[in-house]
Amino acid sequence: MISLILFGATGRMGGAVERAAQSVDDVRIKARIGRPSAPVGAAGPWPDVELPERARPGDVVVDFSSPEGTLAACRLCEASGAALLSGTTGLGAAHEARLEELSARVAVLRASNFSFGVLALRRAVEAALTTLPSSWDVEIVERHHRHKADAPSGTALTLARDVAARRGLPESAFRYGRQGRVGERPPREIGIHAVRGGSWVGDHAVLVAGEGEWLELRHVAQDRSAFAHGVLAAARFLAQAAPGAYHLEDVASGGRR
């Protein structure tokens with residue numbers, strides 16, 4: 001039995017992970033940490049969680065909270081030796097550095113999206129860019145529900161970084177939307193566009209356009225269970241993993257790098 005300590009338990013992803021855990025026999029929620037009185041997405045300090053007696057090596061702290069919650073989760077993992085799975089978006093460079101520092105002591109898996117379908121989309125984009133001329137333009141369009149606090153999504157940024165790495169471009173090549181007389185599109189630009197409204201769970205499209213033809217590669221999440229079951233697969237992996245920094249690709253490959 002794998003025990004999870006769930007940060008952001010009152011949020012949308014926290015609820016999805018809870019439901020997914022209830023549907024399997026080998027995972028249980030050991031503790032739930034959140035701010036029940038705060039509205040979803042509210043900013044503010046997280047309590048300095050001190051639960052090392054309730055966490056131990058072999059447990060997995062699952063973090064879908066906030067940047068402040070992520071730091072609290074890091075402190076708990078550092079004190080207890082539990083692994084950390086972090087899917088919180090909107091983290092800054094200091095938060096990412098803290099996760100990297102923690103990975104020297106415990107297993108840490110950080111991902112912007114825990115859907116294996118999105119992992120397949122990333123691989124499909126890489127295959128397309130390998131085949132197509134580098135002169136083809138790339139635009140990324142993502143759609144999410146009206147309550148999402150950050151834009152663009154972490155997944156859209158991951159896709160854009162994949163494209164930039166493949167084409168040898170810096171992140172300064174990213175173009176976040178367009179307005180007014182912006183002139184002709186530069187050839188080495190990666191467009192990123194965020195759409196917000198309704199109850200979209202997650203929709204990411206990568207458009208690759210050449211002269212007289214174009215290609216669209218798209219992933220649509222119809223329900224958060226697509227992410228939650230990926231979280232459980234990653235938690236099973238982390239419960240057995242040595243200290244280090246891991247990615248969803250490690251889970252898909254069974255740890256063979």
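Strand β5 (residues 107-110) runs parallel to β11 and pairs with it over three bridges, where two strands are said to pair if DSSP finds at least two bridges between them. Helices (H or I, at least four residues) and strands (E, at least two) are DSSP runs, numbered from the N terminus. In this pairing, Ala-107 stands opposite Gly-244 in β11. The structure is a predicted model, in which local features need pLDDT of at least 70 and side-chain atom pairs count only at pLDDT 80 or more, while totals for chains, interfaces and linings use all residues. Residues are numbered from 1 along each chain as its sequence is written, and side-chain values use heavy atoms, with hydrogens and water left out.

An open sheet of five strands has the order β7-β8-β6-β9-β10, and its pairing is mixed. Because β7 (174-176) and β10 stand at the edges with a single partner strand each, one side of each is left without a neighbour in the sheet. The twist averages 15° from one strand to the next. Two of the pairings in this part of the chain are set out below.

| β6 (residues 137-144) and β8 (residues 190-196) | parallel | seven | Glu-139 with Gly-191 |

## Backbone details and an aromatic pair

Most residues other than glycine have a negative phi, and most peptide bonds are trans. In the hairpin of β9 and β10, which has four residues between the strands, Gly-212 takes a positive phi near 80°. The peptide bond that joins Ala-151 and Pro-152 is cis, with an omega of about -5°, and Pro-152 is found in the loop between β6 and α5.

The structure holds three aromatic pairs, where rings of Phe, Tyr and Trp (its six-membered ring) pair if their centres lie within 6.5 Å, and planes under 30 degrees apart count as stacked, over 60 as edge-to-face and the rest as tilted. The rings of Phe-64 and Phe-114 have centres 5.8 Å apart and planes at 70°, so this pair is edge-to-face. The pair links distant parts of the chain, since Phe-64 is in the loop between β3 and α2 and Phe-114 is in the loop between β5 and α4, 50 residues apart.

## The second largest pocket

The second largest pocket is lined by 26 residues, of which Ala-111, Ser-112, Gly-154, Thr-158 and Arg-161 lie nearest its centre. A pocket is an open set of points on a 1 Å grid over the protein atoms alone, where a 1.4 Å probe fits, with protein on both sides within 12 Å along at least five of seven lines, and lining residues have an atom within 4 Å of a point. At least two lining residues come from each of α4 (116-131), α5 (154-167) and α7 (248-252), and the largest share, six residues, comes from α5.

How values were computed:
Axes are lines fitted to C-alpha atoms, for helices over the stretch in contact, and angles run from 0 to 180 degrees between N-to-C directions.
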